[in-house]
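Please read the points below with the sequence and the 3D view open side by side. They are meant for a colleague who has not seen this structure before.

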Amino acid sequence: MPAHSNKSLQHNWFSRFIEKRFLFLLLLPTIIILLAVVVYPLGYSIWLSFTNATLLNFLTGFSFVGLRNYLHTLTRAEFWNSFRVAILFSGISTALELVFGFFLAQLVYNIKGAKKRSIVIACLLTPLMLTPVVVALMWKLMLDYQIGIINYLMSVLGLGRYPWLGDQTLAFWSLIISDVWQQTPFVFLILLAGLESLPQEPFEAARVDGASRLQVFRFLTLPFMSGPILVAVTFRLIDSFKIFDKINVLTGGGPGTATEALNVHMHRIAFRWFRLGEAASIAQIILVIIVLLTWLALRVSRISTDS
Amino acid sequence: MTRRLTRMVFLSLLLVSLVSMPLFAAPTTIVVMTRVGPEGDAIKAVVPEYERITGNKVVIDEAGRDGYFERQAISLMAGTDVDVILYMSDYAAAWASAGLLAPMSDYLHSDESMDLDDFYPAMIDAFSYKGEIYGLPTDVSTWLFHYNTKFLDETQVPETYDEYLELAKQFTKKYNPDSPTEYGTNVRGMRGSESPIAEWFQILWAMGGELFDENWRPRFNDEIGVAALEFHSGLFLEWGVVPPDVASLDAAGVIESFRQEKSAFLQHWNSDTVIFMDPERSPRVANNLGVTLIPGVRQPDGTIRRTPLTHGWGLGIPASSRNKEAAADFIKWVTGTEAARIYLLAGGTPARQSVLSNPEFVSVRPELPILAETLKYAKAKPSIPEWAQISDILQVAHSRVFVGELTPKEALDDAAQQVTELLKAAGYYN
């Protein structure tokens, strides 16, 4: 019967299509979502960065201005100040988080007993569970000159009181302290996983050969850990370079412009100055810096694994 | 055949009901965007009564305080389904010039019961742009002088800024070891809000200065402007009558300091007066709170020139709203005399002269007479689309002075140059 064979043919064609495109079909929802929430906004923002769009002319019409926003941004002292703040903040906080994270990971790694260890890990991870805004509000209260507990404790100990957030240098370091407090557990977690997956044989061999603790750390632990360290550093560098929430709550970018990191600066240009095009150009510059950072990290990791 | 007929009847009924649905549609639903806080709470308090009277439905879309302005800007630009927005008068000119708000004059002037003259004129001006009204004020904000009666009485209240400084010294341990408080008062210095510069404006205006001349050339960096900022920053840098972390003090910081009796007096927004009067929220100061006019500058004839700053919150209609008529009705009702009563009891401060001077409310809100008096001299900021940018330039300049990075003269000259460039680019002059 022709009708029947036609149907089976159709069926075959359909099932073959499904088989062939099965993976593609499974991925389709993700691809659509990514196109809608990543690719389209990114493209739009790149386009905006070449226009003179502001909040005020957004509906009434704006035009293409070529590279003017980029030239304007890159020649302003305020941009370079924010760039410096972001680089310093990201570099210093990542370095401190790495040192403390490694130290904690070693400590916990040496704890005997799974139960004891899991309790310690749970406690250490608590700061990571909090949202940055909550952390910033907590620190803001603790760092207050008149009613903050930090100054109270310091004055009890005879160390004096300090305007933690009211002084340009102290405010910068207060930000770093709050970030290190919250993000060290992240580094710790990655490094602990790294330590736990280390091969045991080289360490036993080193012990048999009578290597000192420092030698073991220098020649075995560090090289073996370079992978996890790079992962942690890359994540932290990128994340802290983009910091906005903590600064917005703790200092608002001040005092003066001492803590105005790039994202805070961009927010100011977009929403206090209404200049969407110019803010978009800053966003693209931030994107390029982050891509460069990631590329650098990957390169370093390849070199270190090759050696 | 019968089956087909039933099916057709059924389908046509469905079609008719679908088409006619809007005609019988339930009461209009208005979406109102408000901000968490006293202003939003007061609006929520009047909504049930409005719904009962009109049968309309009101959906409150409440957004957080932080980033409220950003969210609002994006929502207005995207043309989302919001019919009424609660917004600050500072943005009226900007939103109106950008075509984001619908003009309201037609709705208002056609209705005589509105009694527009009852609103504080400065507040209507604050929501106007090029002769058109883009919102009606729900809340009026200005500055009051709050003091703790445990430490000082009425006779000690400063009339002038010089007396203010002397009083602050008296309550600062550095000058007076017997002072009950370590520092006399507090000023706001944290960036990201206009309040720090608002205090400077008030001093500048009282001294006879102006922010701009009639051609929009900056005047805030003239002798008076510099002297006013020298005084304001001097409270910290020169005399040290405020805590050393003023550059990071936001609203919460100064409020907390006064509530915890860490400072003897505080000039701040009138919306905080309600917080200080509430024994639950401010157990230490609620029963010993004094409220009066902010200080000023004594004139040759002996009078005091006080220039408290005022701005307000109000309700406007987004240009994209599809229920403009209903939205206007809602706004008229909420800002009307009837709702003002509920609004006031809920902690809001309606911008109507007849309400604030009504003796009936004084027992619940004892600060009202002082507030009404303050609003007689209150001064508004310039209502131009570029205000937010100008304000930001001045905020950064102010902050740089407070940390000792620049002198008042240097910071204001730099700010004046930036403002001139900005206004030049906007076509105010060449």
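1. Buried is used here for a residue under 20% relative accessible area, exposed for over 50%, and partly exposed for values in between, with a 1.4 Å probe and protein chains only; helices (H or I, at least four residues) and strands (E, at least two) are DSSP runs, numbered from the N terminus. Because eight of the 11 residues of helix 3 (residues 68-78) of chain B are buried, this helix is largely enclosed by the rest of the structure. The buried residues are B:Tyr68, B:Phe69, B:Glu70, B:Gln72, B:Ala73, B:Ser75, B:Leu76 and B:Met77, and the helix is followed by B:Gly79, whose phi is positive, near 65°.

2. Some conventions apply throughout. This is a predicted model, in which local features need pLDDT of at least 70 and side-chain atom pairs count only at pLDDT 80 or more, whereas totals for chains, interfaces and linings use all residues. Residues are numbered from 1 along each chain as its sequence is written, chains are lettered from A and ligands numbered from 1 in the order in which they are written, and side-chain values use heavy atoms, with hydrogens and water left out.

3. Strand 11 (residues 309-316) of chain B deserves attention, since eight of its eight residues are buried. On one side of this strand B:Leu309, B:His311, B:Trp313 and B:Leu315 are buried, and on the other B:Thr310, B:Gly312, B:Gly314 and B:Gly316 are buried too, so that both faces are covered.

4. The partners of strand 11 of chain B can be followed one by one, where two strands pair if DSSP finds at least two bridges between them. Strand 3 (residues 84-88) of chain B pairs with strand 11 of chain B in the antiparallel sense over four bridges, and there B:Tyr87 has B:Gly314 as its bridge partner. Strand 6 (residues 136-148) of chain B is also antiparallel to strand 11 of chain B, over six bridges, with B:Asp139 opposite B:Trp313. Strand 12 (residues 379-380) of chain B, by contrast, pairs with strand 11 of chain B in the parallel sense over two bridges, and B:Ala380 stands opposite B:Thr310.

5. Elsewhere in chain B, strand 1 (residues 29-35) and strand 2 (residues 57-63) run parallel and are joined by seven bridges, with B:Ile30 opposite B:Val58.

6. How many residues of chain A are in contact with chain B? With contact meaning heavy atoms within 4.5 Å, 34 residues of chain A are in contact with 41 residues of chain B. The two chains bury about 3,200 Å² between them, 59% of it on carbon and sulfur atoms, where buried area is the accessible area (1.4 Å probe) that two parts lose on being put together, summed over both.

7. Four salt bridges are counted between chain A and chain B, each being a side-chain nitrogen of Lys or Arg within 4 Å of a carboxyl oxygen of Asp or Glu. One of them links A:Lys140 with B:Asp250, the closest N and O atoms being 3.9 Å apart.

8. Within chain A, A:Glu78 lies in helix 3 (residues 77-109) and is partly exposed, with a relative accessible area of 24%. A:Glu78 touches A:His265 and A:Arg268, not counting residues up to four places away in sequence. A:Glu78 and A:Thr257 are 179 residues apart in sequence, yet 8.3 Å apart in space, C-alpha to C-alpha.
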